[in-house]
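Hi,

Here is the structure I promised to pass on.

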Amino acid sequence: MGRYLLGVDVGTTSLKVAVIDQDAKLLGISSKAYRLITPRQDYVQIDAESMWDAFVECIRLLHEGKGIDTSEIAGIGISSLCPGLVALGENGEVLYDPIIYSDRRSKEEAELILEAVSAEKLFEITANGSMAGAFSGSSMLWIKRNLPEVYSKTKYFGHLNTFLAQRMTGNFAIDYSNASYTNLFETTGGKKWSDELCNAIGIDREKLPPLRESTDVVGGLLHPDLLELGIKEGTPVVIGGADTPCATLAAGVTRAGDVCESVGTTDVLTICIDKPVFDKGFINRCHVVPGKWIYQGAMSFTGAANNWFLDEFCGDIKNTAVDSRTAYTMMNQEAAQAEPGCGGVVFLPYMQGERSPIWDPYARGVFFGISLKTTRKELNRAVLEGCGYGLRQLSEIAERITGQKITSFTSIGGGAKSEVWAQIKADITGKDLLILDMSDMAPVGAALLGGVGAGVFKDVYEASDKVEKKVCRTVHASHDNDAVYQKRFETYTSLYPALKDIYRTNAD
């Protein structure tokens with residue numbers, strides 16, 4: 001058996017590959033962007049072949065650039081954004097490129113699902129609702145209604161890990177954490193495809209791939225692109241799971257009550273539970289840890305909004321900064337100059353619809369409370385505070401469900417490293433943040449699952465415990481600005497109900 005494990009993670013705009021050893025120490029990581037297909041504002045797909053090429057190139061960078069002996073890889077695990085729906089033909093050919101979570105073309109289909117099933121019945125079976133893009137059932141139905149030839153030729157509707165596993169091994173599969181986001185899976189206990197939902201919604205049950213635990217081996221590696229890079233033929237490929245569950249596995253969220261925030265393009269608050277007790281404000285799913293579930297407060301565009309503000313309003317900072325990291329640091333320093341509460345400005349980060357907790361594809365971003373005294377620094381800080389208010393809203397829902405007070409949580413991801421943003425979130429939520437000294441947890445989590453499937457680790461608990469979870473900084477909540485943050489939080493939570501009907505009438 002080899003000494004190394006490889007994990008691949010498909011993100012929103014790029015793909016990462018990590019290689020770890022048998023002690024879960026990171027030996028190398030590489031990243032490569034791929035092409036998005038966006039012919040219309042509400043259409044967002046991944047170019048599958050571009051993604052595959054990025055995967056191969058990432059392995060090449062580790063093998064040739066970092067000198068990692070790929071012949072020592074004992075197992076491969078997969079992590080991916082979710083959902084990313086791909087229509088695959090009889091031999092795994094891509095009939096329609098992956099439709100991802102931010103795609104909003106299937107709004108009508110999402111409403112048809114609710115009409116066919118009822119929101120109550122759908123939640124009872126799947127522990128989730130229906131929203132365009134956020135759950136892949138509406139995208140499947142869109143393909144059936146708009147691309148009937150693609151639908152008829154489709155062997156399986158899979159997610160991104162289905163595509164990668166099939167490309168590597170020739171076998172089809174999907175794991176429970178991904179299946180939880182299809183509108184067609186019995187998340188609340190059955191852990192099987194629901195014939196009742198398939199019949200009601202109109203999706204052929206036989207077009208759904210075989211279900212597997214996240215630690216299950218799909219097959220042995222046989223694709224020549226990877227064999228040419230030195231990975232041995234027959235190397236076990238494990239189906240893995242969705243990106244946030246994989247990342248939180250690496251971060252140690254394996255037991256009931258464990259809480260973690262992951263900060264990137266999105267901001268996701270994850271709570272592990274051992275009984276399927278859920279709330280409609282969250283996305284609910286099976287964990288990659290067998291026998292566990294997680295509920296997730298997923299804000300779709302908090303990091304994306306921060307990036308948008310940099311691109312559209314901070315050209316001087318971008319032109320001065322030597323790289324993107326420096327640009328964000330400079331922008332955060334400017335935000336820190338604004339008073340907490342931003343002089344009355346409150347930002348809703350619903351840039352292209354929102355998932356938790358409002359579930360509205362029509363929602364959009366809002367700056368509220370702008371005055372003649374408002375400057376860029378207030379708007380800048382308001383974007384960061386908007387994430388903090390959303391995080392507080394989600395944590396309060398979590399506390400209500402569990403009956404337990406959250407006093408602190410770990411924070412992972414690239415965005416977690418911002419000292420200014422972390423302090424804002426700590427102060428608004430009243431929680432201490434433990435910033436882990438590791439940004440790329442999802443591909444590491446995928447590699448851990450690969451190790452369990454390959455027999456390197458006994459189980460997911462041993463695998464997770466092997467990861468060094470070094471806290472690089474603890475951010476303590478300050479209560480100096482509680483009064484102003486309480487006032488702005490009340491404004492934040494009042495804005496969406498006031499704007500809900502206007503969002504729909506204003507939609508294109």
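The second largest pocket comes to about 500 Å³. A pocket here, on a 1 Å grid over the protein atoms alone, is an open set of points where a 1.4 Å probe fits, with protein on both sides within 12 Å along at least five of seven lines, and lining residues have an atom within 4 Å of a point. Grid points are joined across faces, edges and corners, and the volume is the space filled by probe spheres set on the points.

Before you read further: this is a predicted model, so local features need pLDDT of at least 70 and side-chain atom pairs count only at pLDDT 80 or more, while totals for chains, interfaces and linings use all residues. Residues are numbered from 1 along each chain as its sequence is written, and side-chain values use heavy atoms, with hydrogens and water left out.

Back to that pocket: 23 residues line it, and L114, S130, I358, W359 and D360 lie nearest its centre. Helices α2 (107-117), α3 (119-126) and α18 (482-506) each supply at least two residues of the lining. (Helices are DSSP runs of H or I with at least four residues, strands are runs of E with at least two, and both are numbered from the N terminus.) The lining has 13 nonpolar, three polar and seven charged residues; Ala, Val, Leu, Ile, Met, Phe, Trp, Tyr, Cys and Pro count as nonpolar, Asp, Glu, Lys and Arg as charged, and the others, Gly among them, as polar.

Now the salt bridges (a side-chain nitrogen of Lys or Arg within 4 Å of a carboxyl oxygen of Asp or Glu).

- E57 and R60 pair at 3.4 Å, N to O. Both sit in helix α1 (residues 48-65), three residues apart, about one turn of the helix. E57, R60 and E64 are linked in a salt-bridge network.
- E108 and R145 pair at 3.3 Å, N to O. E108 is in helix α2 and R145 in helix α4 (residues 136-146), so this pair ties together parts that are 37 residues apart in sequence.
- R400 and D279 pair with their closest N and O atoms 3.2 Å apart. This one links distant parts of the chain, 121 residues apart: R400 is in helix α14 (residues 376-402) and D279 in the loop between β15 (267-273) and β16 (283-286).

Cheers
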